[in-house]
Amino acid sequence: MITMVAYMLAVIVIGLAFARRANRSSEAYFLGGRSLGPWVTAMSAEASDMSGWLLMGLPGLAYWCGIADASWTAIGLAVGTYINWLITSRRLRRYSEKAGNAITLPEFFSNRFHEKSRVIMTIAALFILIFFTVYAASCLVTCGKLFSTLFGLDYIPMMIIGAVFVLIYTIVGGFLAESASDFMQAIVMITALVIIVVTGTLAAGGLGAVLDNAQSIPGFLEFFGVATPVTDAAGVQQVVNGVPQFGEAGVYGLLNIVSMMAWGLGYFGMPQVLLRFMAIRSEHELAASRRIATVWVLISLVVAVFIGIVGRSLYPTALTTASEAENVFIVLSTNLLPPLLAGLVMAGILAATISSSDSYLLIAASAFAKNIYQGLMRRESTDKQVLIISRVALLVITLVAIVIALDENSVIFTIVSFAWAGFGATFGPLMLFSLFWKRINRAGAIAGMVGGGCMVFFWNLVISKLGGIWDIYELLPAFLFSCLCIVVVSLATAPPSEEIQAEFEEVREGHK
């Protein structure tokens, strides 16, 4: 408790330190005045991206059914991270400034196609509001599980306390405070992961003992197989004579692998990462940021998956449902470390949650205040009015996220995967085509966004229920469908104006 309270106070101090700079203008509040250095850009992008599921969702997945799902997801994310930094970052940094100095993603897309009616901006802002509210809810679930598990208190009050803390901090400090604290939180997260994996491995009798235990479970340590816990009707794993029961190993085929690796496609449409590309002070510093981000991601993902394996070796019967399995990091920390150090490690989960939820809330609020309120409803509104409306929007979005997060049995990984697919399919193809295809026009952009976003819902709620080959991660089919919509509609309608094409060429030539 002492360690975690101290950590939360440090985060608040950061917010207050940046409050004055953040409130100078909406650009300073929402994008930090494009002043981030390479280290802060890289670390804050990855910390806000990974969220609590890195320390809870991913280890929980590995603990529950072995390394296949978790590892292929991690591989897809690592590859997606690197490629996104490599091909997207520099051109987006330049194009967002060229396109009317856009400071939000909806504004960039709207300015990119020289919109007057702001249709693209409105659709993009609405999708951001929907998916980031769901995303923020996953962070609140993490907060609730963390505090209720640690202190033996009820889930709902703990979740609400976490929400209030994040809300106050985000309202005060804006993007600069969020990015600075995310830098600190990225360090705390990776430190916590390494401490737990080393301590847990030693407590389990060494690396050999951990791997021997994993190999004794059918399909647990296979890349092309998956462990299948034997559960009752309520989803609780059966335990006989102190031994958790597993059935025969399931087959993990090519379709499963492609489905999980498709997580990497999400990066091209992830606002919290793309905004960091737009906010760095110079595009020439992006190469350094790419290296820093890639190394951080590789270490974090590998260690997070291995924590699940270590947890299954040390505490095989402690977590008997898929939802409970996401507490494996907490169980290891509280059982293996002295309270003060355990508090520091637990602050890693808090860090992951705060670093993501503040990003999600701020981007969602900016989508409403800057893009819907000022861009559509009251174009003559002042900067001060936009900042006031953004804070009201923050409150409302947080309240909706709290309602979504009321179910303490929610599986964080499941919530995150849906929101990730939503962003990846709605904005990913549009971002790539906007940056690299001169022929894309406004109609194609609208078709791609609407088609991709709606397909995520349709595939998740309808098609995947058919099972078999249709039961794949909705991001992949929705991403491909969005690409198809963009190309077909753009080619079937008039090409973009010469002015838009000239601007595209100017950005491309500058990029070379």
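## Basis of the description

Helices (H or I, at least four residues) and strands (E, at least two) are DSSP runs, numbered from the N terminus. The structure is a predicted model, in which local features need pLDDT of at least 70, side-chain atom pairs count only at pLDDT 80 or more, and totals for chains, interfaces and linings use all residues. Residues are numbered from 1 along each chain as its sequence is written, and side-chain values use heavy atoms, with hydrogens and water left out.

## The nonpolar patch

A nonpolar patch on the surface is formed by Ile-75, Val-79, Tyr-82, Ile-83, Leu-86, Ile-87, Phe-223, Phe-224, Met-261 and Phe-436, which together have about 820 Å² of accessible area. Patches are made of residues with over 30% relative accessible area and no salt bridge, with like charges joined within 9 Å and nonpolar side chains (Val, Leu, Ile, Met, Phe, Trp, Tyr) within 5 Å. A salt bridge is a side-chain nitrogen of Lys or Arg within 4 Å of a carboxyl oxygen of Asp or Glu. Areas follow the Shrake-Rupley method with a 1.4 Å probe, and for residues only the protein chains shown count as cover.

Helix H6 supplies the largest share of the patch, 6 residues. Leu-86 has its place in helix H6, and it counts as partly exposed because its relative accessibility is 40%. In these terms, buried means under 20% relative accessible area, exposed over 50%, and partly exposed in between (1.4 Å probe, protein chains only).

## The second largest pocket

The second largest pocket has a volume of about 220 Å³. Helix H6 (67-87) and helix H14 (286-314) are the elements that give two or more residues to its lining, and H14 gives the most, with 7 residues. The lining has 13 residues in total, and Ser-71, Ala-74, Leu-301, Val-302 and Val-305 lie nearest the centre of the pocket. By class, 12 of the lining residues are nonpolar, 1 is polar and none is charged. Here Ala, Val, Leu, Ile, Met, Phe, Trp, Tyr, Cys and Pro count as nonpolar, Asp, Glu, Lys and Arg as charged, and the others, Gly among them, as polar.

On a 1 Å grid over the protein atoms alone, a pocket is an open set of points with protein on both sides within 12 Å along at least five of seven lines, whereas a cavity is a set where a 1.4 Å probe fits but cannot get out; lining residues have an atom within 4 Å of a point. Points are joined across faces, edges and corners, and a volume is the space filled by probe spheres set on them.

## The largest cavity

There are 2 cavities of 30 Å³ or more. The largest cavity holds about 40 Å³ of space. Of its 11 lining residues, Thr-104, Leu-105, Leu-275, Ile-363 and Ser-366 are the closest to its centre. Helix H8 (105-112) and helix H17 (339-377) each give two or more residues to this lining, with 4 residues from H17, which gives the most. The lining has 8 nonpolar, 3 polar and no charged residues.

## Helix H7 and residues with positive phi

Helix H7 (residues 89-98) is mostly covered, as 7 of its 10 residues are buried. H7 is followed by Gly-100, which has a positive phi near 70°.

Most residues other than glycine have a negative phi. His-114, in the loop between H8 and helix H9 (119-151), has a positive phi near 50°. Asn-241 lies in the loop between strand E2 (239-240) and strand E3 (243-244), and its phi is positive, near 55°. His-114 is partly exposed at 28% relative accessible area, whereas Asn-241 is exposed at 78% relative accessibility.
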